[in-house]
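The following report describes a single protein chain for a reader who works with coordinates. Please keep the sequence and the structure in view while reading.

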Amino acid sequence: MIEARGLGKRYGAVEALAGVTFSCKSGEVYGLLGPNGAGKTTTLRILSTAIRPTSGSATVDGVDVVSNPDEVRRRIGFLSGTTGLYGRLTAREMIRYFGRLYGMTDEAIDRRCGELFETLGMREFADRRCDKLSTGMKQKVGIARTIVHDPRVAIFDEPTAGLDVVTSRSIVDLIARCRAEGKCVILSTHNMAEARKLCDRIGIIHQGRLHAEGTAEELLRQAGVADLEEAFLKITGAGA
């Protein structure tokens, strides 16, 4: 579903991404694990067509992200690092607005809203204005907006960052449900425990380079340690 081949991105003299190659298939959760500034968001923004790579290529569901970005956008849901909600709209209005942008009928939007409100526990604030919502509530609205059209590919940038344990759990459960439904899910995180729990495979990214990938157990064996944080430090040399 997602194929990235030698992705590179430069901003002048700064190399934000260098030769990143990986893939993610249907029914799989692939995690990009690394600290802030590692290149995670740059990678996801390229896959979502928000920015163009300087080098390399990527396809989503067989569609090239550079030559056919509009078709890629129709096939994905992308949650960026900022919620970007319209404060004067209610949660329900926000999700309905994006449903219409994706060409959904009102009936389909209402049905999908019901499913997402139940799954994410949003019913109590569905008709509250977005500027009156807590951080966790806003994140739920952002995720519901991202997948209202039931895309085959879901891209989440730090979906649980800064959230309380209850809100994080509902989002983790949603990601697991996406996997069970056969969706291709790629997410970025710097949370080692979350990566080990959620991801079928993990790509360790640091300073714009993908240093290793595999299951959590494979990465631990490769590093010869029992802790994923220690594996990250050993594989990247960041702790040297």
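Helices (H or I, at least four residues) and strands (E, at least two) are DSSP runs, numbered from the N terminus. This is a predicted model, in which local features need pLDDT of at least 70 and side-chain atom pairs count only at pLDDT 80 or more, whereas totals for chains, interfaces and linings use all residues. Residues are numbered from 1 along each chain as its sequence is written, and side-chain values use heavy atoms, with hydrogens and water left out.

Ser 168 is found in helix H6. Ser 168 counts as buried because its relative accessible area is 15%. Contact means heavy atoms within 4.5 Å, and, leaving aside neighbours within four places in sequence, Ser 168 is in contact with Thr 160 and Leu 163.

In helix H3, the buried residues are Ala 91, Met 94, Ile 95, Arg 96, Phe 98 and Gly 99, and the buried residues of H3 pack against helix H4 (106-120) and helix H5 (135-147). An α-helix has 3.6 residues a turn, so residues three or four places apart point the same way. Tyr 97, which also has its place in helix H3 (residues 91-101), is partly exposed because its relative accessibility is 35%. Together with Tyr 86, Leu 101 and Tyr 102, Tyr 97 makes a nonpolar surface patch of about 400 Å². Patches are made of residues with over 30% relative accessible area and no salt bridge, like charges being joined within 9 Å and nonpolar side chains (Val, Leu, Ile, Met, Phe, Trp, Tyr) within 5 Å; the accessible areas come from the Shrake-Rupley method with a 1.4 Å probe, and for residues only the protein chains shown count as cover. H3 is followed by Gly 103, whose phi is positive, near 80 degrees.

Strand E9 is largely enclosed by the rest of the structure, because six of its six residues are buried. Both faces of E9 are covered, with Arg 201, Gly 203 and Ile 205 buried on one side and Ile 202, Ile 204 and His 206 buried on the other. Two strands pair if DSSP finds at least two bridges between them. By that criterion, strand E3 (residues 28-33) pairs with E9 in the parallel sense over four bridges, and Leu 33 stands opposite Ile 204 in E9. E9 and E10 run antiparallel and are joined by five bridges, with Gly 214 in E10 as the bridge partner of Ile 202. The hairpin of E9 and E10 has two residues between the strands, and Gln 207 there takes a positive phi near 55 degrees.

**The four-stranded open sheet**

An open sheet of four strands has the order E2-E1-E4-E5 with antiparallel pairing. Its edge strands, each pairing on one side only, are strand E2 (14-24) and strand E5 (63-64). Strand E1 (residues 2-11) pairs with strand E4 (residues 55-60) in the antiparallel sense over five bridges, and Gly 8 stands opposite Ser 55 in E4. Helix H1 (residues 40-47) lies across E1, E2 and E4 and runs at about 65 degrees to E2, where axes are lines fitted to C-alpha atoms, for helices over the stretch in contact, and angles run from 0 to 180 degrees between N-to-C directions.

**Salt bridges**

The structure holds 24 salt bridges, a salt bridge being a side-chain nitrogen of Lys or Arg within 4 Å of a carboxyl oxygen of Asp or Glu. The table includes some of them.

| Asp 200 | Arg 179 | 3.1 Å |

As for accessibility, Glu 118 and Arg 123 are both exposed. Asp 200 is partly exposed at 28% relative accessibility, Arg 179 is partly exposed at 23%, and Glu 213 is partly exposed at 35%.

Terms used. Buried < 20%, exposed > 50% of the residue type's maximum accessible area, 1.4 Å probe, protein only.
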